[in-house]
Structure formats: C-alpha cells, structure tokens
Amino acid sequence: MGSRYGTIVMGPAGAGKTTFCSALIEHLKMNRRSCFYVNLDPAAEDFAYTPDIDIKDLISLEDVMEELHLGPNGGLIYCFEFLLENLDFLTEPLEDVTEEYLIIIDMPGQIELYSHVPILPALVKTLTRGSLNISMCAAYLLESSFIVDRSKFFSGTLSAMSAMLMLELPHVNILSKMDLVKGQVARRDLKRFIDPDTSLLQDAPESGLKYEYKTGVDNGDADEKSTMLAGETFASLNRAVAQLIDEFSLVSFLKLDAQNEDSVGTILSYIDDCIQFHESQEPKEPNDQLDDMDVDGMG
Ligand SMILES: Nc1nc2c(ncn2[C@@H]2O[C@H](COP(=O)(O)OP(=O)(O)O)[C@@H](O)[C@H]2O)c(=O)[nH]1
Ligand SMILES: [Mg+2]
C-alpha cells in the first residue's frame with residue numbers, strides 16, 4: 001500500500017498562506033520534486049500556480065452569500081459544510097496521488113475554522129485516515145508584524161495553539177513576512193517571540209501602559225473602572241494567556257521570508273521531517289528521476 005504526504009497551510013487572513021504555498025511549489029520544482037496543490041479557499045482568486053483541485057469548482061462563495069444572504073464568514077462555513085457532504089470532490093482525485101508528491105492544502109483565513117467549529121477536524125480525519133491515509137503536517141502562519149503589538153501576538157499564538165490541539169497533527173508554527181520586521185526588531189528581542197515567554201508582556205514598550213500584575217489584591221468597586229482603563233484587567237488576562245503558552249511550551253516559531261529560497265527550504269525540511277517524507281522515498285536511478293520530472297502536479 002502506498003502512502004501519501006501532505007501539509008495543510010492555515011492561519012488568519014492575510015498571513016501569507018497562499019504566498020507561502022507558491023514559494024513551496026517553486027522550491028519543490030527547483031528541487032525536482034512533485035507537488036499537488038489543493039485550494040480550499042472559495043474566495044481566493046489569484047494564484048501563481050493553478051491548483052490541481054480548487055474548491056471553487058465545487059461551490060462559489062459569492063453564490064452562497066447572494067442566495068443564502070450570508071456574510072463572508074457564514075458563507076465560508078456553509079461552503080465547508082457543503083464540502084464535507086461532497087467529500088468525493090476532494091478524495092477521488094487525491095486517491096490517484098502517489099507517495100512522491102507533496103500535497104499542499106491552501107486554507108481560507110476565517111478564524112472560526114480554527115477555533116470552535118468541528119469542520120476542520122472532520123476534514124483532517126478524512127484525509128489522514130481510511131483509504132487516503134495521508135501523513136500530514138499542519139503549518140500555521142502568523143505574520144511577524146504582530147510582534148509590534150504583543151497582545152495581538154499572544155492572541156495569534158493562542159489561536160495557533162487551539163488549531164494545534166484541535167487537529168492532533170504534527171504542527172509547525174511559522175512567523176511569516178520576516179522581511180517586514182528585519183532591522184526593526186533586535187535579534188535578542190526576536191528570539192523571545194520565536195520561543196514566546198511571559199516576560200514579553202512585562203515590558204511591553206509600545207502600549208504606553210505600565211503592566212503590573214497584582215494577585216490577590218482587591219481594589220474595590222470604585223477603583224474597578226479606572227483599573228480597567230489603566231489596562232490592568234486586560235494586562236492580567238494577557239499575562240494568563242502568555243503563562244499558559246509558556247508553561248505548556250507548545251508553541252515556538254520558524255521564521256519565514258517567502259522571497260528567500262533558503263528560508264523556504266528550511267521550513268520545507270521541517271515539514272518533511274514531521275511527515276517522514278524522505279524515509280518513504282525509493283532510491284532512484286538518475287534516469288528515472290528525469291522521467292519523473294512532473295513538477296506541476298497532475299492537473
Ligand atoms: N512583505 C511580504 N509580504 C508578503 C509576504 N507573504 C505574503 N505577503 C503579502 O501579504 C498579502 C497576503 O498574502 P496572501 O498569501 O494572499 O495571504 P493569505 O490570505 O494568508 O493567503 C499579500 O499582499 C502578499 O503579497 C512576505 O513574505 N513578505
Ligand atoms: Mg490565501
């Protein structure tokens with residue numbers, strides 16, 4: 001029985017998922033590897049590489065929104081429910097994909113998908129079990145510009161963690177668009193985001209708030225409002241979140257600059273490790289390799 005290998009690229013809207021997919025495909029091509037590109041974002045339009053499977057051929061978000069009077073988020077959830085009811089659309093073409101391919105699944109950015117609706121776990125189960133049996137790694141992207149707002153950074157990290165726990169897949173977390181923060185953040189500071197720790201919130205410089213955490217101190221009702229305005233409630237919530245992330249040591253990030261060949265290659269090697277891609281590959285004669293140069297996928 002052959003195996004299949006893939007990665008599912010997730011993260012909030014605009015995090016750089018599609019750009020990362022294109023960079024991955026480009027990199028695979030350069031290294032004479034085959035890939036199979038699946039777009040599951042029914043709102044996506046511009047692709048550097050034409051997807052081998054495109055959810056838009058199954059359902060149009062625009063039509064859903066118009067006919068069912070739904071907004072973009074509700075519409076997206078509807079599209080995914082529809083996909084789950086018509087899984088053949090996805091599974092049939094994937095049945096033909098062989099073990100030398102890397103299946104790349106480009107996801108939409110609606111955060112609902114990664115938090116409280118059970119759609120994604122159901123989809124992932126279909127892909128990773130049964131006859132498809134894809135060895136899969138989740139790649140969760142967060143854009144590095146979140147670093148300038150530490151509460152935003154921790155909330156993004158929390159959503160990465162939630163996706164991680166929900167999907168039960170090997171997981172790489174990626175800070176994308178590193179070119180945007182290059183030179184703006186000291187290397188030492190950057191390290192603390194790559195492997196987040198709570199001390200980040202104690203000296204958040206950009207907020208203008210002095211973060212002080214008092215435990216067991218009752219300020220009384222009169223002070224409550226001003227305490228909130230001073231940002232203390234918010235700050236202690238943030239600290240609790242940061243502590244959770246810190247204590248579980250679950251999340252650390254790989255740095256991505258999609259324009260940089262080496263950066264993309266490094267991330268790919270992490271993904272390959274997670275799914276044990278290389279272990280599966282048959283050694284090939286040099287001539288075989290040339291015959292197998294179908295780098296554009298199978299579509
Ligand atoms: N500077 C910079 N911009 C990027 C990078 N990756 C993506 N972008 C830009 O971010 C925007 C959103 O990217 P896209 O890949 O469509 O994000 P998606 O919504 O997560 O699929 C686009 O304008 C991209 O050109 C990057 O590595 N560096
Ligand atoms: Mg996209």
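Helices here are DSSP runs of H or I with at least four residues, strands are E runs of at least two, and both are numbered from the N terminus. With that settled, I looked up Arg 192 and found that its place is in helix α8 (residues 187–194).

**Ground rules.** I am working with a predicted model, in which local features need pLDDT of at least 70, side-chain atom pairs count only at pLDDT 80 or more, and totals for chains, interfaces and linings use all residues. Residues are numbered from 1 along each chain as its sequence is written, while chains are lettered from A and ligands numbered from 1 in the order in which they are written.

**More on Arg 192.** I call a residue buried if 20 or more other C-beta atoms, placed from the backbone, lie within 10 Å of its own, exposed if 12 or fewer do, and partly exposed in between. Arg 192 counts as partly exposed because it has 14 C-beta neighbours inside 10 Å. I also checked Arg 192 against Ser 252: they are 60 residues apart along the chain, and their C-alpha atoms are separated by 9.6 Å.

**Whole chain.** I counted 14 helices and seven strands in the protein chain. Of its 299 residues, 36% are buried. Next I turned to contacts, meaning pairs whose C-beta atoms, placed from the backbone, lie within 7 Å. Among contacts with a separation of 6 or more, 78% are between residues 24 or more positions apart.

**The sheet.** Two strands pair if DSSP finds at least two bridges between them. In what order do the strands of the open sheet run? I read β3-β2-β4-β1-β5-β6-β7, seven strands with parallel pairing. The edge strands, each pairing on one side only, are β3 (53–54) and β7 (253–255).

I then walked through some of the pairings:

- β2 and β3 are parallel and share two bridges, and Asn 39 stands opposite Asp 54 in β3.
- Strand β2 (residues 34–39) pairs with β4 in the parallel sense over six bridges. Here Ser 34 stands opposite Tyr 101 in β4, and Phe 36 has Ile 103 as its bridge partner.
- β1 and β4 run parallel, joined by five bridges, with Thr 7 opposite Ile 104 in β4.
- Strand β1 (residues 4–10) is joined to strand β5 (residues 134–143) by seven bridges, again parallel, and Arg 4 stands opposite Ile 134 in β5.

**Helix α3.** Helix α3 (residues 72–85) has 14 residues and reaches 20 Å from its first C-alpha to its last, close to the 20 Å expected at 1.5 Å a residue (the expected span is 1.5 Å times one less than the number of residues). Which residues of α3 are buried? They are Gly 75, Leu 76, Cys 79 and Phe 80. Seen down the axis of α3, these fall within an arc of 140 degrees, so they line one face of the helix; the arc is that of the directions from the helix axis to the C-beta atoms. What covers them includes α2 (61–68) and α5 (119–128).

**Ligand 1.** I took a residue as near if its C-beta atom, placed from the backbone, lies within 6 Å of the molecule. On that basis 15 residues surround ligand 1, the closest being Gly 16, Lys 17, Thr 18, Thr 19 and Ala 258. The elements that give two or more residues to this shell are α1 (17–30) and α7 (178–181), and α1 gives the most, with three. By type I noted four nonpolar, seven polar and four charged residues, where Ala, Val, Leu, Ile, Met, Phe, Trp, Tyr, Cys and Pro count as nonpolar, Asp, Glu, Lys and Arg as charged, and the others, Gly among them, as polar.

**Positive phi.** His 69, in the loop between α2 and α3, has a positive phi of about 50 degrees although it is not a glycine. His 69 counts as exposed because it has 9 C-beta neighbours inside 10 Å.

Note on methods
Contact = placed C-beta atoms within 7 Å.
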